Number of protein chains: 2
Amino acid sequence: MDDAAEIPRPRPPRRTDIRRENERVILEAAEKVFAEAGFGGATMQLIADMAGLPKANLHYYFATKEDLYRRVVENIFTIWLHAADSFDTAADPATGIGAYIEAKMRISRQHPFGSKVWASEVMHGAPVIQDYLEGTLRSWTEGRVKAIQRWIDEGRMAPVDPRHLLYMIWATTQHYADFGHQIETLNGGRPFTDRQWKAATESVKAIILRGIGLSTAD
Amino acid sequence: MDDAAEIPRPRPPRRTDIRRENERVILEAAEKVFAEAGFGGATMQLIADMAGLPKANLHYYFATKEDLYRRVVENIFTIWLHAADSFDTAADPATGIGAYIEAKMRISRQHPFGSKVWASEVMHGAPVIQDYLEGTLRSWTEGRVKAIQRWIDEGRMAPVDPRHLLYMIWATTQHYADFGHQIETLNGGRPFTDRQWKAATESVKAIILRGIGLSTAD
DNA sequence: GTATCCCTTGACCATACGGTCAGGAAAAGA
DNA sequence: TCTTTTCCTGACCGTATGGTCAAGGGATAC
């Protein structure tokens with residue numbers, strides 16, 4: 001995509017990438033700090049230190065703390081949405097829902113900070129991303145609800161309220177990120193190993209799939 | 001216990017109750033503010049305003065912001081623990097686990113602020129209540145895990161990992177408090193009615209109980 | 001070379017925060 | 001009534017925070 005001499009002036013963005021790279025570093029640091037301290041507890045100085053940049057430099061790329069925070073939350077929201085793709089590609093409910101649970105568990109492991117920032121934002125009344133809740137999330141949810149209802153109507157799974165099923169999947173999978181510290185403490189202070197993550201995923205899948213009348217075809 | 005003329009001086013605490021009452025008012029306001037703004041975002045002034053007291057009066061009853069916060073979290077923890085009583089009184093797994101889910105759903109409805117403060121505390125690495133996690137919560141969990149494992153060994157329920165079952169119950173029930181705003185938004189911006197809370201509770205119970213091999217004896 | 005543009009940053013500012021304190025009000029005890 | 005204890009609170013303080021700004025690099029374009 002870069003080398004294609006499609007445009008006469010390829011314009012190699014050697015120094016323009018400074019912006020992209022610095023924004024990436026800042027966003028990564030911000031995600032962690034916001035997750036660990038909350039919006040109110042996070043300070044620009046802390047984020048700057050973690051990013052290895054002077055505080056004034058943060059304000060060069062992000063005008064305000066709110067702007068930076070919004071970008072972090074938006075990034076997370078995008079990840080959530082992409083995780084749902086697996087839902088659509090499968091026509092079989094067990095495969096679709098199972099894959100969705102697996103994807104969400106994977107995200108909980110790979111993006112625990114993002115999950116926490118999202119949780120914090122929603123818990124505080126979603127002051128920043130209320131529009132996402134009312135727009136994208138609502139329509140996405142309605143689409144999924146209809147898909148599940150169709151499966152139910154076709155007798156392919158037990159008649160459960162699709163919304164509460166979705167909430168259960170969200171709650172359970174995100175719990176392993178949001179309450180990771182509690183789980184780690186109850187795990188003897190040690191973080192989950194690969195094997196334990198796999199076991200957790202299988203446990204969640206097993207209970208939920210059986211709970212909606214689908215055999216756990218491992 | 002008060003009227004019993006056991007002690008010569010019954011000492012009617014007419015004005016000493018000022019302390020108790022004010023502490024109650026402050027704690028109630030603090031729970032709400034900490035839940036809505038997080039520890040870092042909450043200010044003593046905000047709590048004072050919500051309690052209808054001057055800020056300096058708060059510091060008369062609670063030396064520091066941390067002290068006040070700790071009391072709030074401790075109160076919530078106590079509520080959590082009492083909710084688990086239903087678990088023990090029933091010998092039948094379906095009844096015991098069902099009653100536990102019902103109790104936790106009831107708490108999510110009645111103490112949403114407390115649930116959020118707890119979630120926030122754990123998400124931030126439990127800086128204040130780590131000792132509770134390692135002490136009371138861990139031993140409580142181990143007791144429950146053994147009880148569930150016994151049921152499994154006796155063939156009275158499906159062989160699932162008791163820990164992940166507990167996590168699922170915690171996650172799902174608390175989700176209705178912690179993510180209440182998101183659920184409300186997806187509910188057309190209206191909070192759950194009595195009927196909807198009942199339906200949610202039944203949905204959660206149905207999926208989980210069926211998921212662990214227990215018929216949903218409504 | 002040199003003008004231009006993007007980037008960098010130390011120093012600074014107004015504000016708001018948690019917390020203190022002294023002095024007074026009000027009740028309880030004698 | 002007088003004393004003591006508890007409660008109340010306006011005014012204040014040091015600090016830390018989000019944000020600003022002006023002066024200065026340093027690479028690129030001409």
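This is a predicted model: local features need pLDDT of at least 70, side-chain atom pairs count only at pLDDT 80 or more; totals for chains, interfaces and linings use all residues.

Residues are numbered from 1 along each chain as its sequence is written, chains are lettered from A and ligands numbered from 1 in the order written, and side-chain values use heavy atoms, leaving out hydrogens and water.

Start with DNA strand C, which has 19 residues around it (a residue is near if one of its heavy atoms lies within 4 Å). They split into 8 nonpolar, 5 polar and 6 charged (Ala, Val, Leu, Ile, Met, Phe, Trp, Tyr, Cys and Pro are nonpolar; Asp, Glu, Lys and Arg charged; the others, Gly among them, polar). The side chain of A:Asn22 has an N or O atom 3.2 Å from a phosphate oxygen, while B:Lys55 places one 2.8 Å from a base oxygen.

Now for the chains themselves: 56 residues of chain B are in contact with 56 of chain A (heavy atoms within 4.5 Å). Together they bury about 4,500 Å², 66% of it on carbon and sulfur atoms (accessible area, 1.4 Å probe, lost on being put together and summed over both). On the chain B side, B:Met123, B:Leu186 and B:Ile207 lose the most area to chain A, together 17% of what that side buries.

Conventions: A polar contact is a pair of N or O atoms within 3.5 Å; within protein, one must be able to donate a hydrogen and the other to accept it, and residues adjacent in sequence count only if both atoms are side-chain atoms. Buried area is the accessible area (1.4 Å probe) that two parts lose on being put together, summed over both.
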